[in-house]
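Good morning, and thank you for making time for this presentation. I shall speak about side-chain packing and charged pairs; please look at the structure first.

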Amino acid sequence: MKRRLMLIAGAAVAVAAGWRWSSRHDSAAFAAQYAALPPRPPGSVYHLGHSLVGREMPAMLAQMMGPGYRYNSQLGWGASLNQHRAGDVPGHAEENATPAYRAAEAAIGSGDYDAVVLTEMVELRDALRWHDSAVALAHWAALARAARPDVRVYLYETWHRLDDPQGWLSRLDGDLPELWEPLVAEAMADPATGPIHIIPAGQAMAALVRRIEAGEVPGLTNRQDLFARDAAGEVDPIHLNDLGAYVVALVHFAALTGRSPQGLPHRLNRADGNPATALPVDAVPIIQAVVWDAVRGYAPSGVSG
């Protein structure tokens, strides 16, 4: 009973601390600490996360990167960074039945990767309250840095459900300064982590959806065009289809390489080698430009101008 009370009290303190991050966070000061990284296309990347990483996005990214590039991953069903840290990953067997799998602790601790991309669970508020997000993020960043001091460590900013009661775009606008950035700032308070950059996929998605729903992207009409559908045709409110996975792969390409994704091919294969559904050809240059603007306009990505 005493241990349970201590855990509850500790959780209450963590919640209070988490919300103090939001009230005190200064986005301008946070951004100012990031200098632009020199362009350095990585030859190898490790992805740690869940289904918003998935199998298709890293496979598309690999095709964008070109010959010689390699990647590995560890995924789970909605898994938090802390669940990966504890070795208690829901859906571990199912999600990692792929040649890309490599166990996280050994992989990140090996020093084999030029970049490590970390992905926190959503709902992010729950991750902050109950899953020690900052501690877990710092753990993985410090492990990567100890193994390889020049490694680049990223947190992949994702999104919440389309049917979120606060509104999908509102959450994307508010969560970056209120949740994502304070999480990174708290993790970087541990000097062992070194810099943690942010891949602003949620911001790129929001910018693109605003253009789509303003009628400015040929062949696409609304945000649901980027999301998967089930066998009955109902929209999956959080998981992407091939079009959405392509967009997020572009964001990763821009952030990881420091190069514009404009001109990259848009007819790619899925992880199983079958052709992915391709964007309408007239939409491609617009989408690639939107992604590049989102990445280079956000200093914590490490890309500038």
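Is R211 buried, partly exposed or exposed? R211 has a relative accessible area of 32%, so it is partly exposed; that class lies between buried, under 20% relative accessible area, and exposed, over 50%, with a 1.4 Å probe and protein chains only.

This is a predicted model, in which local features need pLDDT of at least 70 and side-chain atom pairs count only at pLDDT 80 or more, whereas totals for chains, interfaces and linings use all residues. Residues are numbered from 1 along each chain as its sequence is written, and side-chain values use heavy atoms, without hydrogens or water.

R211 forms a salt bridge with E216, with 2.4 Å between the closest N and O atoms. By salt bridge I mean a side-chain nitrogen of Lys or Arg within 4 Å of a carboxyl oxygen of Asp or Glu. E216 is likewise partly exposed, because its relative accessibility is 39%.

R171 has salt bridges with D164, at 2.8 Å, and with D175, at 2.9 Å. R171 is buried because its relative accessibility is 2%; D175, at 3%, is buried as well.

I turn now to the nonpolar cores, meaning sets of buried Ala, Val, Leu, Ile, Met, Phe, Trp, Tyr and Cys residues joined through side-chain atoms within 4.5 Å. The largest has 58 residues, and W159, W168 and I287 have the most contacts inside it. Apart from it lies another core of 35 residues, including Y46 and I198.
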